[in-house]
Every structure is written in structure tokens, then in C-alpha cells.
Amino acid sequence: MEDTSRIGSALPHDSARKHVTGEATYVEDMPKLVGQRYACVGRSSIASGKIISMDLQPVLEAQGVIDVISASDIPGGIDIGPVFPGDPLLTDSLVEYVGQPIFAVLATSHERARKAVTLANIEYQLQTPVLDLQQAIDQKFFVRPPHTMQRGEADTALAKSKHRFQGKLRVGGQEHFYLEGQASTAIPEEDGCITVHTSSQNPTEAQKLVAEVLGLSMNQVKVVTRRMGGAFGGKETQGSAWSCIAAIFALRNQCAVTCRLSRQDDMVMTGKRHSFLNRYDVGCTDQGEILGIDYRLAGQCGYSPDLSDAIVDRAMFHCDNAYFIPDIRIEGLRCKTNTVSNTAFRGFGGPQGMITVEAVIDQIAYTLGKDPLEIRKRNLYNLSDRNLTPYHQEVDHYSLPRIIDQLEVDADYWNRREAVKAFNEINPVIKKGLALTPVKFGISFTVSHLNQAGALVHVYSDGSIHLNHGGTEMGQGLMVKISQIVAEEFQVSPENIIISATQTDKVPNTSPTAASSGTDINGMAALNAARKIKNRIIQFLSEKYDVPLDHVKFKNGEVFVEERSLTFAEVAHQAWMGRVSLSATGFYKTPKIHYDRETAKGRPFLYFANGAAVSEVIIDTLTGECRLSRVDILHDVGNSINPAIDIGQIEGGFIQGLGWLTCEELQWDTSGRLLTDSPATYKIPAISDTPAEFNVSLLKNAANSEPTVFRSKAVGEPPLMLAISAWCAIRDAIIAASGSKSFPILHAPATPEEVLRCIHETGMQQ
Amino acid sequence: MIQFLLNQEKIDLPDRPADTTVLRYLRDELQLCGTKEGCASGDCGACTVVVAEKQGQALRYRAVNSCITFIGSLQGKQLITVEHLASGNELHPVQQAMVDLHGSQCGFCTPGFVMSMFAMYKAIEQSLGSLNQAELRIKTQYHLGGNLCRCTGYRPIIDATLASVDSIAGDQFSRATQSTCHDLEFIADAVSAQNTASSMHPKNIIELNNYIRQFPEAPLVAGCTDLALEVTQKLQSIPLMIYLDQVTELLEVDESKESMTIGAGVTLEQCKTLFTEHWPQTAEIFDRFGSYQIRNQATIGGNIANASPIGDLPPLLIALGATLCLQLGDTQREITIDSFFIDYKKTALEDHEFIVSIKVPLPLPNQLLRIYKISKRVDDDISAVCMAISLTLSDTQDTGILDSKVAFGGMSAIPCRASRCESVLNHGDLTEYTIALAADAIEQDFSPISDARASSSYRTRVAKNLLKRFLLEMSDPSIATRVDS
């Protein structure tokens, strides 16, 4: 019987049963240890200034308080900046944003610790904060120097273009709002060592930073991550501080310490998606073919560099999206503001670049009176003369033309375009809009050394398999996918495989689970480990039964030695008896990639992930309210390892992107305090935001031409940007509402208020 | 001592501070960590549990947010958490559907969703008549609008919910109904259980007044959906509470030819039924009022007494010309609802006075009523602007306006009437001309604030436009005025 439960099988998430029964354990659900204590962090109340005096005595005297620390109590290094310095774990002098950690409290309960931190008396010398992105641009207030990418001569191309126009686009940031807040539990061990259980996408970095702040070496710190209750980039660098605080207290007080953030602390103290203020100068032909673009992309980084250099780079890498731009110049600014340091968030700057060129396309279509889809298709890359990106990587195995052609038909684009027009002609108040937008997203960490992964596979003498690798599970189904990969290699059922928590003492020096790379790199490393064991078994069986190596076959739970059939368990037992090592480490490094940032040339990406979406929206021109009525998506995941998991990523990514572009709005007051610091004021999509008709398909016959794991493609981030179709559809509806008086300058997010403002400013008087 | 059932197990909970939430009790004391804390403010639903109460010989199942539910409210009820749904190795149908249809990714919101789905499953199991797929989908949104998921985009959760109610066979809870009812009766009969040192549960107004005299500092609590935030967000202590949820007089509903009188302790979920019977068009406000979990807890009296400028019921009640019956000691008085709100969070209630009931005049044949809620999100959001309008025309054939009440939430420090707007309407007809003048008058009536929900200018513009929407809906039903239409 053919066993189909491996590659390409829609297995449920490995923890699905535990999710629905409540048995799945997150950091804060772990059984409490005797003497376990709880930490909470005291934060600044001002955006910019200096600490003059700090009286923590009332904190220390509060009920249940055991210990209080400030910067001078940190035994090792204070700075926990992930790439560049600039993030003090606790500050004792300079304050650069509201919510910056200043001290921490250890108490007998989480509630007591939270109450105690409110009792500190801190005096500040106030300085005027820079809170506005435009102000930071004007003052050249940067966390990192500007960087420019170019190909050809944009100025010349613009000058000779028949049509030329400029525009500005404000793109809002986004709170991750993972349902599980940041949490870490540190447990002191023998010999001054420490174990940290943390909700982190980046256990190795947590390990390194805990070691640094404690003055330990990395081998004295073990970090464990079983699963996260969502992460989305928000636990790539932003989880480490809480591990460090818990670890410092744990060693000082020789007790287990949990540091978890309340929802408000989490929203105030951790970084978000960068908001951007982008401007463009575009030239095109009568037919709408883009001749040149001069971009300035300005990302709001907050007070410190964090990952912003790479994030703004990725915005620059994606402001071409799917389109060939013959002459282009892109300047990327990393602006500093006195706000929390912005960080990775699904798409990592890519979405903010991509949405800008989609606005450009819409403006070209509007200017020339053509359908935006026609302009999109006209400007697509091809595989011959229009295949060079602004960073000089050639676009190959490009599935977008095929995707768009198919989606146009599947989603019935042109008939619906007519239906939308007809609807808008007879409806004065309610208007519909329609848009198809593509996504081309580069896959690989743009920082090349991160493109490596390790794995550890054990086969026990009863044939059961223990699998470990450097990737972390945040809900994306990484564990089930990798167990499917290992199961395929051994031709056993995935049920034979136990997936274990990510641990720095099992697989060292891991990269964060980020950049959509989880399955690509960890899957390959696991495959490499499994293959080593498999080859040893083949060698052993070939010798034992005296058959050629290629006469040993693994198939459907059995191992065939010529005609002889053995179960995998029998083989494992025999191999063990035959003193064969059944444990192996695996390793993978992404091939082919290189990038020279000095010249802004190279091949930063192994390949591109592609997809496209058609969105139809309905807007109310009296209130700005908007509903997404239908979405059709066709997405290329290569050969899917698990189509259910992949479709889950696509749908979830799309709705998360929809939130970023419609209802999720971050707001600060004039003193730099976050106003939207709870789910009461910060609205992520809820169930009624899911379109009534939501058709998602995977592109068929789409094996990745790069030798990725089972020819699959990464799927974590790219689908988020499919939601740009909804944002463009809203503008399409606004154009209908405003009677085409001028091109609507719609910013993101397109909240009801923004939509109504846009309708008014575009010329319709209600 | 608080007595309740934890699933089928009878719990005698020794006294503890009244402000202990069910969530903290489950997680910290019982180590039942399946129920998650996502926000501790009743906004995400990760902590959803189900509370069952006896109703005749049946059990009524309500999903509530355990993060903002205090343990005192469990008195005499059955608490069901995610750990109790499976029967041995056999998952409950709602759990099985979530596994089969890939309804979980990170899994953190899943227990909350599963519990909301369970409450819907029970509601459908107990309801008469069947719903078609479209109606079931609407019902799913109604029940799950208070549960946030950041991973899935909800589609598989909707599918799982629909699949789980596709063919309902009795589950372990329906099989245990008789014994559960028996155990709950036993608890109700145990007199000692009624009063703990921290949570008081008066059965009638006389007992209530006694407690008020005895514990003048203890707040009167009903749904606690707002008060609980003082504890979980502002870190205040509220060691004593007097619960209103068992005071008989506050739960009564009375109807005469002219009016309907609703006890202050009636939940919003029950109010929906009462109001939509007379004013079907008010369904849209009840469907979007907080979340299902909140509507199960929050009461009409609480929504009024809270005096929030953005409560969604006051504008409706003002437009309907409701009056309130208040009681202080043994003395009752009646006041109109629009004189109840004095200033931001300040009401006409004297110390220790409470709302007994709300009297709402029933509709007149030539009365036009609409209530509109505008917010960033459809589900579980607070209004940027909420407008309720009631126009009485001189007769059904005419457009001449005899009387108008136009009330707003979100436009000022209290829910209040647009008096200049009303006076324009009162002298005019239901025509474009009058409505345009009335809309302009709103600018004189209010100078709304700008906050995280909306700017002042948006609020004003929308308030004016809602009058135009009203006119369109009254004069030409063929014109689409809603994005949901």
C-alpha cells in the first residue's frame, strides 16, 4: 500500500490535538517550581531626557518584593543590541523612548511585581523628543547611515519620459500582537550555569546575550524554546531582554524566575513594524511602461538600530516588486525617533517597499486612463531582456506571468471589472473596487552568514526517531513539515518521529527562525542528518547481507535488502547490534548567494516566492467603512510539503496584511506615549473581517528550480503582501466615488477615517 | 465560601479577595493552564470559559472572559474549561473539527476559540428550528467575534465551527444535564453558600440594602466587564463586592401596552431579544455590542450607570425616551435617561443609590428609529460615533416631523442629544433640505475630542453623514447605504 502521509500530505499541525485540549505548554504554563519568583520591568515615562535621580526604596519596600536591580547590578555587558550596539538592557542615564527599561523588580507574584514597579520615584531632565518621521528626515536624524542602490541613470530616464509625476506615501507600522506575550523563565543550575525557557524565535541570540549580561560563556547557558504563541518577527530580537532580566535575578537569588510582559507592557516596550514615509519620481511611456523611478524610502527605526539596516535594505530590495524598471535609483533612510526601536515583522521591510511601487502603478493607470491590471502586466519582469533587478540579480524561474494569467481567469477579473463599474454607476453612496496585485519576494536572509542551519537526528534501537533542529515553532507548522521531510527520507510514518523543543545544547549556533527560511534551511539540515544515518544503515546492511549498496531500499515503512523485507524497527535494532552510529548532526548553508553592499550588487536571494491576489471591496462614502467581499489568491509554494500548512500561512498572512493596511493603526500622543497600547484601541482583524468568499489555491506543477528541500518554496512572509490588493481595491473604489477628479492619495492604513478623508480630498463633497 | 461546580466536581472555595479573577484562580491555584491570558482586558477571548446555569430543568451555557470575571460570580454555577471538553480520549466535536480542518496554528488562542465554539454548539443544540449555512455563518461571527486569532485568518475556524454543528448529537454535557442540575440545586439550597466575607449575593432589594448599609465601601457589581479593568489594568484592589446578579427585582422584565420595563440586571444578550422584538432594526447595535462574551456578562443597568461617553445603549435609550427607576434605601424615584448623565463618568446617582429598572415606551406607528455604530472594526470595537435617531412624523403618509430625538455616543463627554439638530428637525420635514440644515447644526451641538479611535473632524463629518444615511434609508430603500448590504 502506498503510504501518502509524508511529503505533500495535509497532515494536521503536530500540536493540533494539544492546542484544542489546552495541553500544549507555553512558557508561562510550565509547572511552577518551588520558590519560583516573578520579575517585572520598570519603564521610563518620558521620551527623551536624562535620569537625574532614582529612588527605588518604595519599590523595595512594597509587598512581596524580594529584589530590585538597575543598570549597575548587571554583572556583565549592558548592551543587548542584536547587530549594532544601542540597546541597554537597563538604562541609568540617557532615556530615549517612553517605556525604556530602567529597573526591574523580583517579587513573589507577577501581580505584586507589577504593582511594585509603579512605586519608583524617578526624576528626569527632559529633552525635546523627535517623534515625527518627517522631522527626523529633515534633521537627518538617523540610527544608521543612508544607503543607495541604483542601476542605470534614473535622472536621465525621468527627464526624457513622456509622462512624469511625483508622489508621497505614508505607510503605517504594525504591532505584532502575538496572542502570547513575551515570556521567559530562568532556572539556575549547577556550576553557575543557567537554563532559560523562552518564547523566542532566536534561542541562540538569547543564549549569547544572557551569557554576556551575566559575564558567562555561552556553554554555561542553555536556552529552550518548545513553542511560541505567535511571533511574526516580534520575538526575533525583542524576546532577549526578558530572558536576560529573568536570568540575572535567577542567579542573584538562586531561584527560578519568570519574566513575562503584561499586554500593555508588551505593546509599549517592544518594537513594531517600521512605518515609512516614501516618495517617488516616476517616468513612463504613453503605454504606461515605466522608464525610470527615483525613490526615497524613509523607515522609522525608533531609538536604536536593532535590525533596521537590513529592514530598510529589504524595503529597497522590494520597491520594484514584480516590475522591471530600466533606470532606477533608491535611497534608503534609517530615521531615528524617540520611540521604541522598531524591529522585524513578517516581510521585514519588504511590504513597505512593495506597496510603494503598487501605488506608482495605480497612479500610472489613473494618469493614462487604463486598467491598473494592464499596467501591471505591461511592466512585469520577463526572463529575457527585462530580467535584471535594481541590485543586479537576474530574475529566473519567474512564475508570475503564469500566475496572473491563470488568476485573471479563475477570479473572472474582467467580468467582475464590468460588474463593479455597473454597480458604481447606479449606487451613489456605496462603491465597489477591484484590484489584482502580484508579489515577488526574495528568499534568503540578506545577511549572508545567517543562511545556515543545523539539525540532530537520533534513531533509537526500536526504530523510533528523535528529531531536533535549529528552527523554532511559532505556529507556522515548521515541526510537522520537518518531520515529514525526515519521515520521507526514512520512508517511515511521521508518527514515528518525536519532535522536541529547540535547545541550544542540541544544535548550537543557530540562526533565528525568520526570513521565511525555517523549512528551507532547517529542513535541509535535518535531511542531511537523516541521510547520513540512512547511508550508514545502507552500508551496514549491504555488508551484512552481502548485497550491493543500491540493493538496499527504504520504502513505505520497510527496508528491502533485495527481496528480503525488514521493518524499520528491525533494521534499527540490527544496526545498533552491529555497532552503527544511529545519531547524526546535519548542516546546510544556502548556496549561490552573495551580495556586495558597497556596490549594491549581487545575488542576495536564492530564489523568489511568487503569488497574486484579486480583492474586491465595498466602501461607504458617507462613513469610510469598508468591507472585503471576495478574495482570490493563487500562490506558488513550489512542491508543497504540506498544503494545509501552506494554505494556512497564505490565508493567515493575507489577513495579517489586511490588518496592517486597514484597521491596525498605531498612534502616539505628542509626548511620545503610545495611545494604542491595548486591544481596546489597537484593532487587529477579527472574524467578520475575513471575506465571505476566500478562494486560495496553490500553483500546480511549480517545482522550485533551485534545489531546495523537496523543491518547495518558502511561504511565511510572502502572502502578507497579497493584501496590498485590498488596499489598491479601496483606492479603486475611491476613484469611483470621487468621479475621477484626481488621483486619490491614499495612505496606509486605510481606516474608515483615512478612506473618508481621501474621498473628500479627492473631490467628492458629501 | 463560594460554591460552584468545576465541570462535575463540587468546589467549596474558601474565602479570598473578591477581586480574584477566574483566570488567575484557574492558572495560579489549580494549575489548569489550558485557559490563556492574552490581554487581561476582555478584548481577545484567549481566556474564554463557559459558565452553565440552571434554567428550569435545562442548562444555559454562556461563554465569558475569565480574565475579567471574578470568582464570586461563579456562585451556584458550573464552570467548564478547555480541559473538560474531551471525554477521555475522545475529543468534543468542536475540538475534533478544529484538528481536522486545521483551525489552530500557534494554538494560543485555540482554547478560547474552542470554548466559544462549544457555547455555540450548545446554543444550537438547544435551539428550535434549523439554520441554513448563511445563517450559521452569521451566527458563527456572532459567537466568535470576541476571539482574536493572529495566525489563521479565521477561515479554517469558521469552517470548523460550521462542521461541528453540522450534525449535533448529544455530548457528555447533555448526558450529564440531570446530575448537573441536581448538583446546582443542592448548591443553591445550601444557605451558608450565599454569603462569603468578600462577595455578597443578595437575593432581593431588601437584602441588597442591608449589604449596602453594612458595607458602604463595597461597589455594586453586575457584569464587572469594566470594573474588572481597574484590577487587571490599573492594579487596584477591590476586596469586597456586592453582586447584583441574583437580586430578583433587577432581573424582572415587564411589558404593558405602552412600555417595556427592563430590570437593570438584565444582560445585553437578553436585551437583544427584548429590543429586537419591538425594534428589529436595533439588532445591528446588539450584534456589535462588545463581544458575545461581554454581552453575556454586561447588563443594561451597568452600561447606563457606567456613564461612558461611548457606551452603545445610552444613545438608543435616549432616542427612545427611556426613563430610569432609581432607588436609595427604601425610596424610589424616576428620572429621564437624558437627565441621568451629568458629566464625564458623572451621573445623577446619589451615593448608594442604584438603578432598579429602565422603562422604554413602545414604538408608535409613525415613529422612525435607527441606530448606527461606526468603528474601525466590525467586531468587538468601541464606537467612534454612535447615533440613535427617533423621528415621530405627523402621520405615516406625511414627511412633517412632530418630534425628534437624536442622541450620540462618542461626540461629547457624555452620551447626549444633539439639541440644535433636533430643533431644526422639529420645525421641518423629512427632506433633503431639513436634513442638510440639521446636519450642519450638529457642528454647533458638539466639539468632539480626537483620540485613538477617531479625530474630532472625522467624528463630526460622520455624525453629519449619518443623518444623510438616515434620510436615504427612510426615503429610498432601493439605494444601498451599507457596506454589508
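Predicted model: local features only at pLDDT ≥ 70, side-chain atom pairs only at ≥ 80, totals over all residues.

Author: Let us start with strands and their pairing. Helices (H or I, at least four residues) and strands (E, at least two) are DSSP runs, numbered from the N terminus. Two strands pair if DSSP finds at least two bridges between them. In chain B, strand β11 (residues 323-328) and strand β12 (residues 331-336) pair in the antiparallel sense, over six bridges. Cys325(B) has Glu334(B) of β12(B) opposite it. The hairpin of β11(B) and β12(B) has two residues between the strands, and Gly329(B) takes a positive phi near 60° there.

Reader: What is the order of the strands in the open sheet of four strands in chain B?

Author: The order is β16-β17-β18-β19, with antiparallel pairing. The edges are β16 (367-374) and β19 (416-417) of chain B; each has a single partner strand, so one side of each is left without a neighbour in the sheet. Between β16(B) and strand β17 (residues 385-393) of chain B, which run antiparallel, there are eight bridges. Leu368(B) stands opposite Leu391(B) in β17(B).

Reader: Which helix of chain B packs on the sheet?

Author: Two conventions are needed. Two residues are in contact if their C-beta atoms, placed from the backbone, lie within 7 Å. Axes are lines fitted to C-alpha atoms, for helices over the stretch in contact, and angles run from 0 to 180 degrees between N-to-C directions. The helix is α15 (residues 419-426) of chain B, which touches β17, β18 (401-409) and β19 of chain B. The direction of α15(B) makes about 160° with that of β18(B).

Reader: Into which domains is chain A divided?

Author: Domain bounds come from an automatic or database domain assignment. For chain A, they are domain 1 (16-22 + 452-589), domain 2 (32-128 + 176-269) and domain 3 (276-446 + 597-762). The C-alpha centres of domain 1 and domain 2 of chain A are 37 Å apart. In contact are 14 residues of domain 1 of chain A and 17 residues of domain 2 of chain A.

Reader: And which domains does the assignment give for chain B?

Author: Chain B has domain 1 (2-175) and domain 2 (249-475). Their centres, taken over C-alpha atoms, are separated by 32 Å. Here 14 residues of domain 1 of chain B are in contact with nine residues of domain 2 of chain B. On the side of domain 1 of chain B that touches domain 2 of chain B, β4(B) gives the most, with four residues.

Reader: How many residues of chain B are in contact with chain A?

Author: There are 67 residues of chain B in contact with 71 residues of chain A. On the side of chain B that touches chain A, α17(B) gives the most, with seven residues. For residue classes, Ala, Val, Leu, Ile, Met, Phe, Trp, Tyr, Cys and Pro count as nonpolar, Asp, Glu, Lys and Arg as charged, and the others, Gly among them, as polar. By this scheme, the side of chain B that touches chain A has 33 nonpolar, 19 polar and 15 charged residues.

Reader: Is Lys32(A) buried or exposed, or partly exposed?

Author: A residue is buried if 20 or more other C-beta atoms lie within 10 Å of its own, exposed if 12 or fewer, and partly exposed in between; C-beta atoms are placed from the backbone. Lys32(A) counts as partly exposed because it has 15 C-beta neighbours inside 10 Å. Lys32(A) lies in the loop between α1 (16-21) and β1 (37-43) of chain A.

Notes
Residues numbered from 1 in each chain as written. Chains lettered and ligands numbered in written order.
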